[in-house]
Amino acid sequence: MRRNQSSSAAQGGQGDATAGAQNTSLLQNGAPNVSVQMTTYSPLEGGPSRRDFADREFQFPWKAPSDVDESVHGTVSRFWERQKASYRHKVETYSWVDWLAFFIPCVRWLRTYKIKEYLWADFVAGISVGFMVVPQGMSYANLAGLPSVYGLYGAFMPCLTYALVGSSRQLAVGPVAVTSLLIGNNLKDLVEGSDKISNPNDPTDAQKPIQQRYNHLAIQLALLVAILYTSVGAFRLGFVTNFLSHSVIGGFTSGAAITIGLSQVKYILGISIPRKDRLQDQAQVYIDNFHNMKWQEFIMGSTFLILLIAMKEIGKRFKRFAWLRPLGPLTVCIIGMLAVYIGHVDNKGIKIVGNINKGLPKPTVSWWGPMPDFKDLIPIAIVVMLVDLLESTSIARALANKNKYELVPNQEIVGLGLANFAGAAFNCYTTTGSFSRSAVNNESGAKTGLACFITAWVVGFVLIFLTPVFKHLPMCTLGAIVVSSVTGLLEYEQAIYLFKVNKLDFLVWMASFLGVLFISIEIGLGIAIGLALLIVIYESAFPHTALLGRIAGSTVYRNIKQYPNAQLFPGIMICRIDAPIYFANIQWIKDRLRAYEARHRSWSLEQHGTKLDYAILDFSPVTHLDATGIHGLEQLIEQFANNGTQLVVCNPNVTVVKAMETAGLPDMLGRDYIFVTVHDAVNFCARQLAERGVSPLAAEATELSASDD
């Protein structure tokens, strides 16, 4: 690796020796003529020879020592050594309290808990979320096709566990709408006859075995999700959520919001119809059964829906009325139950929830096995885990940033996994962090995980003492609560933003949205993820390349399309490759470089009477070079050499240098033609031309259009 120490002097000669100007056309390739100004370039006089010009071997300071094993085994060994060193450091420095905090994260905030400042805020937040999650949990359980009490169980035991092992201090864990929809839509296909059960709380004698099997599968699914969660966190695989972009999840949740809302409209209309996944099927069923609508339930349900939306919007827009937002669901529940108790509306066509089991959840570990439906449950578990993981971790990160504390991502994932383990052991279906309840928790002033602990015991109080009261809750109330809750998931503003900013992201959003609505939830999500990955592959296989010119009076070289006044050099072509070079994109890169070569050769020869002697490649953005890429570079070296052009490489990183040296590419290229900076390479090439009697000219491009750079 060579470095030109005479670059500063050469820069002065190149930038200052100006002798006249004339207009010409640049790189004609079917594009309009480009006006350029010609400047004579004066190289250093009496300089060293070509071999001595780059006068010393330059070793990158980050270059790996030759004795470092770069194989997979060596990489794994070094990782293992780092882990052992980290463990030894902890053994030597950790106190017993530090070890307790390592395994039980709540100890971290308990050690610094300020009772006077935090206790009242945590109490208010916990009570607020508790009032909100009780009716929501019951509604979401109904959406999942489970008895309403399962929603209360899901807001009790997982909350207690997460308060101990979770790293987020404001995240509200419990049942959520999207997860409930995924479970309800998938389990009904595994349990024949479950789609005909209109009220899971009071199935008929013939439906009880069907509902019991459905409940078992929901617990087994929660166990599988817990295993996946914990495995992802323990093995630090949280990066898998990077493949679920915000455009994918935004379109998915928006489509799911409409699907969820339509599935609950039947309770507001008072009609009994089977559950359908696709929008067109739901619309057809509603049209066919609209004549069975009960006006009593419609009036009550629509009134509750309007009241819920009004309280939520007032609470969001006016800070002094923020307390209305969490109280909305509980308010309509109280009004609905009073209507049943006082007005006896259940005798006038209003359906009620019915039986709700009293008491804390019972152990369900015995339900974990055997698991004959494992092959059918594991794909559902993967989809549920991925969606829940992205939703929950994104909320937790946002809350941690807002409240200025550090979130441990893998610990957070493990905490959610342990919360689901506890839920699967005590009659709960899958739970995760909730957008709406976490927002209320944060806005109510939650400071630590104690708020989540208090929320759990609010639900526990309801389970122990108040479940007989909720059996008189009208079903239309639950439907109105779900519909009002999912309106916040319809992210139409995000679609408008993506359309303005990035059309490809908008395409992914629409694919996810329309796929969920018109095909199915899983297929729609799969299509969106596949399309997003296809875009990634496309952008990787067709990377950006650029023809570079020098910014006048500097040693900076930039894309001439972005900087049309950058100076070009007849006889010296400068290009940049803005991506790793590997099997998927090497052919595209070769084609682009050949196109640049043809244009620059024609321009140099026809306009300035100079043949193309040097092609400089800026490797600064190239982070990786595989075997196919090396083979492609070998072909380029030969092809350029056959055309009388010497290939020059600038600033390859240590990984690329090692790959090139392993393949013997520096010897084939010539070690004198590898430089640290583009400017060093340009000065070197200009001097070689000057030594051969060729006087390079710097061309200042003032216009460049219709370029395909």
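In the predicted model described here, Ala546 has Arg576 of strand β7 as its bridge partner. The model is a prediction, with local features resting on pLDDT of at least 70 and side-chain atom pairs on pLDDT 80 or more, while totals for chains, interfaces and linings use all residues. Residues are numbered from 1 along each chain as its sequence is written, and side-chain values use heavy atoms, with hydrogens and water left out.

Of the 709 residues, 52% are buried, where buried means under 20% relative accessible area, exposed over 50%, and partly exposed in between (1.4 Å probe, protein chains only). Among contacts with a separation of 6 or more, 81% are between residues 24 or more positions apart; a contact means heavy atoms within 4.5 Å. The protein exposes about 31500 Å², and 61% of this comes from carbon and sulfur atoms. Accessible areas come from the Shrake-Rupley method with a 1.4 Å probe, and for residues only the protein chains shown count as cover.

The opening bridge belongs to the pairing of β4 (residues 545-550) with β7, which is antiparallel and has 3 bridges. Two strands are taken to pair if DSSP finds at least two bridges between them. Thr545 also takes part, with Ile577 as its bridge partner in β7. Strand β4 is mostly covered, as 6 of its 6 residues are buried. Thr545, Leu547 and Gly549 lie on one side of β4, Ala546, Leu548 and Arg550 lie on the other, and all are buried. A further 3 bridges join β4 to β5 (residues 557-559) in an antiparallel arrangement, with Gly549 opposite Arg558 of β5. In this hairpin, 6 residues separate the strands, and Gly553 has a positive phi near 80 degrees.

Strand β7 itself spans residues 572-577 and is mostly covered, with 6 of its 6 residues buried. Ile572, Ile574 and Arg576 point one way from β7, whereas Met573, Cys575 and Ile577 point the other way. Together with helix α23 (residues 586-608), β7 and β8 make a right-handed β-α-β unit. Right-handed here means that, with the strands pointing away from the viewer, the path from the first strand over the helix to the second runs clockwise.

Burial is also a feature of helix α8 (residues 157-165), which is largely enclosed by the rest of the structure because 8 of its 9 residues are buried. The buried residues of α8 are Met157, Pro158, Cys159, Leu160, Thr161, Tyr162, Ala163 and Val165. They pack against α5 (106-111), α7 (148-154), β2 (173-174), α16 (409-425) and α18 (450-470).

Leu360 lies in the loop between α14 (324-343) and α15 (374-403), and counts as partly exposed because its relative accessible area is 35%. The loop between α14 and α15 also holds Pro370, which is joined to Gly369 by a cis peptide bond with omega about -5 degrees.

Helix α14 contains Ile335, a partly exposed residue at 37% relative accessibility. Apart from neighbours within four places in sequence, Ile335 is in contact with Phe304 and Leu307. Ile335 and Phe304 are 31 residues apart in sequence, with a C-alpha to C-alpha distance of 9.0 Å.

Two loop residues other than glycine have positive phi values. Lys404, in the loop between α15 and α16, has phi near 60 degrees and counts as exposed because its relative accessibility is 74%. Asn427, in the loop between α16 and β3 (432-433), has phi near 65 degrees, but Asn427 is buried, with a relative accessible area of 11%.

Technical notes: Helix = DSSP H or I, 4+ residues; strand = E, 2+ residues; numbered from the N terminus.
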